[in-house]
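Hi everyone, thanks for coming. Please have a look at the sequence and the model on the screen, and then I'll walk you through the fold.

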Amino acid sequence: MSRIRGRHAAVIAVSALAAAVAASPAAGSAEHAATSTAWAGCNAFVPETSAGIGGLDGIQAAMRGAARGRTEKVMDASDIEIPAGEVPKVPKRFSVVIPTHFHVINSGPTVADGNITDAQIQAQMRVLNENFAGTGFSFSLASVDRTTNAEWYAMAKSRVEREAKDALHRGDDTHLNLYTADIANSVGYLGYAYYPRDVRGRPTIDGVVLAAGTVPGGDIENYDEGKTATHEVGHWLGLAHTFQGGCSTTGDRVADTPAQRSPTSGCPEGRDSCPKDPGLDPIHNYMDYSYDACYTEFTPGQATRMAQQWLYYRAD
């Protein structure tokens, strides 16, 4: 995740694909350049002062011209810290099945319009369950709905996001709502999600928004295996990026993810951006910015953190 410096009332975690990348999705092109720490993160963003909920407005101008790939600004991991002395103990046999509601927002009847198929939805659910195997979390498809609304499909403004979610959101904090939309083209994102702490008292804004082309069989090259959803659900369960904080002592607040100065582009084996710290960059970790094909793991420490965040923020 990322941050804008300073404290904000509402924080959105966003995985971004720079707007220029999305300009020609039919070609399936996705160029990627090295990202600086100024554009690292799956970011948390600005509250709209009058609306009271952070959102997409105001990010767009900043994102235009950004480095291409999974990029945004950097977020403070303190935004997902459980208060000192209140961290819950995770049971040895911790296990949670999360009811998952899939909201397919589209502009028409075809896949090209964002109307992804039932087979793609099932494939996305399989990817989530395979990727989270061993963490204690699994996902059960509870509902699917399809909505044809061009403005919602673009999801280009916070007002529109809130309107769509108010109408479509199902369940409470323990239910995962996945929305697919055209955000790769409209605002240049692969996906975004809200940290669990930041949706308390605002249940309908909760959930994960995905670019429709990131689901299995999608049309965003290198990000079309469904693992953007894994990355964003990691944020939804309280994980920061592995490169959070760079080569610092706190980093992503997980002890078994090696320090990492900046996000990964592609799948560069042997990368070591913090040579003075033990371990190579965790380029295969779902919370880095690698290509989908490079992602393979959560660590035990990340699994524990997700369980703690679940017990403290979502299950109580």
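Predicted model: local features only at pLDDT ≥ 70, side-chain atom pairs only at ≥ 80, totals over all residues.

Residues are numbered from 1 along each chain as its sequence is written, and side-chain values use heavy atoms, with hydrogens and water left out.

The protein chain has seven helices and six strands. Here helices (H or I, at least four residues) and strands (E, at least two) are DSSP runs, numbered from the N terminus. In order from that end, the elements go β-α-β-α-β-α-α-β-α-β-β-α-α. Of the 316 residues, 55% count as buried; buried means under 20% relative accessible area, exposed over 50%, and partly exposed in between, using a 1.4 Å probe and protein chains only.

Now, what lies inside? The largest nonpolar core has 31 residues, and those with the most contacts inside it are I98, F132, F137, F139, V233 and L237. Such a core is a set of buried Ala, Val, Leu, Ile, Met, Phe, Trp, Tyr and Cys residues joined through side-chain atoms within 4.5 Å. Elements supplying at least two residues each include β2 (96–106), α2 (118–131), β3 (137–148) and α7 (300–314). The largest share, four residues, comes from β2.

Take F132: leaving out residues up to four places away in sequence, it touches F137, F139, T230, V233, G234, L237, F298 and M306. Contact here means heavy atoms within 4.5 Å. There is also a second, separate core of 22 residues, which includes I105, Y179, Y192 and I205.

Let's turn to α7. This helix has 15 residues and reaches 20 Å from its first C-alpha to its last, close to the 21 Å expected at 1.5 Å a residue; that expected span is 1.5 Å times one less than the number of residues. Its buried residues include M306, W310 and Y313, and what covers the buried residues of α7 includes β2, β3 and α6.

Finally, where is G108? G108 sits in the loop between β2 and α2. Is G108 buried or exposed? G108 is buried, because its relative accessible area is 8%. Apart from neighbours within four places in sequence, G108 contacts D113, N115 and T148. G108 and T147 are 39 residues apart in sequence, yet 9.0 Å apart in space, C-alpha to C-alpha.
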